[in-house]
Amino acid sequence: MRIKSIFFLALITLVFFNAYSQKSVEVIPLSDKSGFTVKTSTRDLGNGFFDHGVASPISNHRGVVSTVDGDGRNVVLVWLFDHRGGYSLLMIDAESGKSEEFPITFDPKQDTPYASILSQDNKFYTLFKDHFVEFDPVKRAFTFTGETMSQMAMSMTEDDEGKIWSVTYPNSGIVSFDPKTKVLKDYGYVHSENWRQYQRSIAADDAGWIYFGLGNASSQILAFNPQNGKAKGILPQNERKLGTASVYRDMNGKVYGRTLESTENEWYELYKGEAKKIGIHKAQMPKKYISGPQGLFYRNFPDGTILKDLDLVNRILITENPKTKALKEVNFNYTSDGAIVMGIGTAPDGTIVGGTAFPMRFFNYDLKNDRWVNRAALGQFNALVNQNNKVYFGVYSGGHLIEWDPYKPWIATSLNNKTSNPIHLTTVSPTIIRPYRIISHSDEKTIIMGGTPQYGATGGGLLFYDNEAKTRVLLTDTAVILNQSSMSLVPLANGKLLGGTTTSPGTGGEKKAKEALLYIMDIASKKIEWQHAAFPGAQEYSEMRLVPGGFVYGIADKKTFFVFDPKSRQVIYTKDIAAEFGPTTAEQSPRIFVNGPAGELYILFAKGAIVQVIPNSYEMKLIATAPAPIKAGGDYADGRIFFVSGSHLMSYKLK
């Protein structure tokens, strides 16, 4: 049995490799210059499965610096990120456009740089997926890689002795590296919270103490003593706030920190581990480092040349001569296996639409013509639904609701431009910034959206948007389910709404609820009429779908299938589906269920299973197994079930 399993796994791996091996993709600009298409063609993978190609064949940078190589030539160093994680260091000659890629020496497992630093001796550093790395542009090679405790640096600095310091998410791990001796020292975790910590600034004073600011649930400044490996909090509990504290190194040798990045009157002077409150701090003289978070973009070459633009979409690099102001444009190239795909759906015009993350792009795929269109998006298109021949997207991170008419020309979204298509309807940040679900009400004018709140907060709300009156009602979690967010939503008969929550807080927030709930709300009054922990201990109701007969099919914790009767408000059937098929597919808006052409319902599983639910008996019938994992769902069109695998759009042709 074990030998048979190993053979099957090897076969799956071979098919996966053949389907996903990196190939050159030709990007062709659209005639209206709003985006591009790609030269590609659908591949038949056998057994009813088809690979339609990479949804967005471009990568995102996670830190860019302008420097010189061993010959003194201006080069740009770029941490590259696609759906696999931070996979490579790209080095581009700014004069010629010639590029080289240096693959990361470990498996990133979808992790990526969140901070990096170019040291005074011209080495480029980062730390992610438990690995600290040094890249030397003079030697054109990675010259050090070392393992650390989990997981990635959120900020990095250099002390007066030239040591590189990092503080890591999610538990404030401190790591130092001495470039002279190549000694990496991991001090372990130095601060404990019951939420994931984001440390967005770090600094060293001239006495060797290390300080960092963290958040998001409750700001704090930590002072770390390398001599004994201990850290102590600076801010008393009554000064800690929702958000992130920050620190910086001053030219006077001291470090200064404040309770929030936006607060100007709550500064501390920090030196030798001691803190002194100074209120307003005007005489700031920050010591300069070439360091920053994932958006680091250092433009200044040593000879004064300026990096004006680095376009990874069109693969164009532009520099400016500081004396003549003349611009020079060169083309470069790099490999990419495609951006993260958040999920897909079928638009009213029959195309498959969705969005990608890093970079944030919109795409639609026309099966009949085997043609892709890819455009820049307002943000990360998390969730979507159709209503009246239009598509509505819930967008991270602003909590935007936008409307796209596929039958009209594309006009890039501008928040104040009512002729945009997609048009911006409303923004509900900070109550919701990460949409988990959008549904269309049966009145054909109301869109309902749920999701998690701002970074550090707990409990998201519900948006009710009237697309005729152009008005909205926005409820906070106190009016729905306290300290929880709505993850799955189903409109019921008689003006009721069935919701299923998640206990997950906003990013970096504190989880306060012990178990997720089902609830029924009266839409007219916006009042909760019933709530119940249908599955004690469950942490999320991953998805629910109304089926013929008035019952609701649901998935709890990506592993338990259930049938809910809204009339009796009882769960009438449950089945552990993970035991047979593994967990269901997942994303921020999972789209686990797919409705077939005759009203039949299918479930998509992460390991590749496509299963039909037989009505009445609720028997699970395995229809097919995909040749690669199903990362995100999922919709039906043209006799096929479409889904996301890796960065690819794939489909299964129903028999």
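Reader: What makes glycine 72 stand out in the hairpin of S5 and S6?
Author: Glycine 72 takes a positive phi near 75 degrees, in a hairpin with five residues between the strands. This is a predicted model, where local features need pLDDT of at least 70, side-chain atom pairs count only at pLDDT 80 or more, and totals for chains, interfaces and linings use all residues. Residues are numbered from 1 along each chain as its sequence is written, and side-chain values use heavy atoms, leaving out hydrogens and water.

Reader: Why are S5 and S6 said to pair?
Author: Strands are DSSP runs of E, at least two residues long, numbered from the N terminus. Two of them pair if DSSP finds at least two bridges between them. S5 (residues 60-68) and S6 (residues 74-82) have seven bridges, in the antiparallel sense, so they meet that rule. Asparagine 60, for one, stands opposite phenylalanine 81 in S6.

Reader: How do you know that S5 pairs with S26?
Author: Two bridges join S5 to S26 (residues 297-298), and these strands run parallel. Two is enough, because the rule asks for at least two. Here valine 64 stands opposite phenylalanine 297.

Terms used. Buried < 20%, exposed > 50% of the residue type's maximum accessible area, 1.4 Å probe, protein only. Helix = DSSP H or I, 4+ residues; strand = E, 2+ residues; numbered from the N terminus.
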